[in-house]
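Try each task before reading its solution.

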Amino acid sequence: MAIKTINPYNNKEIKSFEEFSEEAVEKKIAQADKTYQKWKTIAIKQRAELLMNVASIFRKRKEELAKLITLEMGKLIAQSEAEVEMCASVYEYYAKNAADFLEDKPIEIKDGKAFVRYTPIGIILAVEPWNYPYNQVARVAAPNIMAGNVIMVKHASNVPQCAAAIEEIFREAGAEDGIYTNLFLSSSRIAKLAEDPRIVGLSLTGSEKAGASLAEAAGKNLKKSVLELGGSDPFIILEDADLEKAVKNAVKGRFGNMGQACTSSKRIIAVGKIADEFLEKFKEKVTGLKVGDPMERDTEVGPLSSEEAAQKIEKQVNDTVKSGAKLVLGGKRIDREGAFYEPTILTDIKPGMVAYHEEIFGPVASFYKVKDEKEAIALANDSTFGLGGSVFSENIDRAVEVASQIETGMVFINEHVASRPDLPFGGTKRSGYGRELSELGIEEFVNKKLIRISNK
Ligand SMILES: O=CCCCC(=O)O
């Protein structure tokens, strides 16, 4: 199968890459394994130097790297640049903090001494998505390389140039072959890779379907896995919220990256008397955003990642409207070439409708008006997903109380959900398991080895 770059701004093919043969993949695994035997013994200071170089190359080549994102998946250019910066900060964060995170953890016992030592385990296979082509990879590569593991990445097939660029950056930074390996492969070959005894851990960010099949392969082969899957994050606005702040965050939280984030604020739940005013202001802010070329700095609405993605959104919205929901804004394809879809707001969504249950991975906000806080929490939790969520209130104790009742892996108060290197990221329920980023992210693929020294 050829792996193609198609520019979603005009649906034109730009470049095509050949999938790696079985022999080529075997050679790369053998190289990664050989390099791992050495890398696991290398001082952490040297590992940190490599990642500091990687961070600095990302920053130095920011413009060019950002353009590749925009070309391959249509992200607005300023957001692509911000992603490159965020990705550099992830490499830098682990370069600076991993030594502390990996220190021996003493255990207090009465007789003798005991501690937990974190040791590397081998090759980690990461399956990564197109929506943040550099940053999603950094979150797995940086902690694992610092922990002494090596990484093989099967990236999404619509961002091959970004995928190749990451490997090239590692090479430029001085990484030996095998520390970071890009694999041009189709998804159907992942299960076979999981059988390889040299690959010891599997990490995936993607859909529930892809996660289930990776987890099945990991389970069959008794390998650890981390899954970061979809979400339908609730964004709750309590009656005492700062409305301006809530509106600003809702626009960014739902329409940033054209709504193509697992943690987008997909379900906006407004309580009581502020609901109508919120909706009016929210609609006002979204109406009239400038549609155009994502490479142009004044464009506010770019294309989705692909024609297929735009068609899927179109079908989900049409099905929801057919079953009785109302359109407050948008609701159709934008009449121009490319994978464009209007920023859309839906209301009157009821259980049984597509938008109530499915993740809508695009610029579509589902708006719900509820009677009180209790109803808001019940609605927020009436989802198979459990990734992130937001609560807006000027009463922080109250907001924390609501946050603690929401069944997700992350809740942000008075902010939309956004990852940061120093905060754990991940979900519960059908949004997956395990954590990326922060100290927790480096603990996923290490052997937490107990060493006990007897005093008998
Ligand atoms: O699809 C997952 C998006 C993660 C966005 C972030 O890093 O904040």
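Helices (H or I, at least four residues) and strands (E, at least two) are DSSP runs, numbered from the N terminus. This is a predicted model, so local features need pLDDT of at least 70, side-chain atom pairs count only at pLDDT 80 or more, and totals for chains, interfaces and linings use all residues. Residues are numbered from 1 along each chain as its sequence is written, and side-chain values use heavy atoms, with hydrogens and water left out.

**Exercise 1.** Work out which strands pair with S9, and in which direction each pair runs.

*Solution.* Two strands count as paired if DSSP finds at least two bridges between them. Next, look at S8 (residues 199-205): five bridges tie it to S9, and the two run parallel. Leu204 has Leu227 as its bridge partner. Finally, S19 (residues 432-433) joins S9 through two bridges, running antiparallel, and here Glu228 partners Gly432.

**Exercise 2.** Describe how domain 1 meets domain 2.

*Solution.* First set the bounds, which come from an automatic or database domain assignment: domain 1 is 3-229 + 431-454 and domain 2 is 233-413. Then count contacts (heavy atoms within 4.5 Å): 26 residues of domain 1 touch 30 of domain 2.
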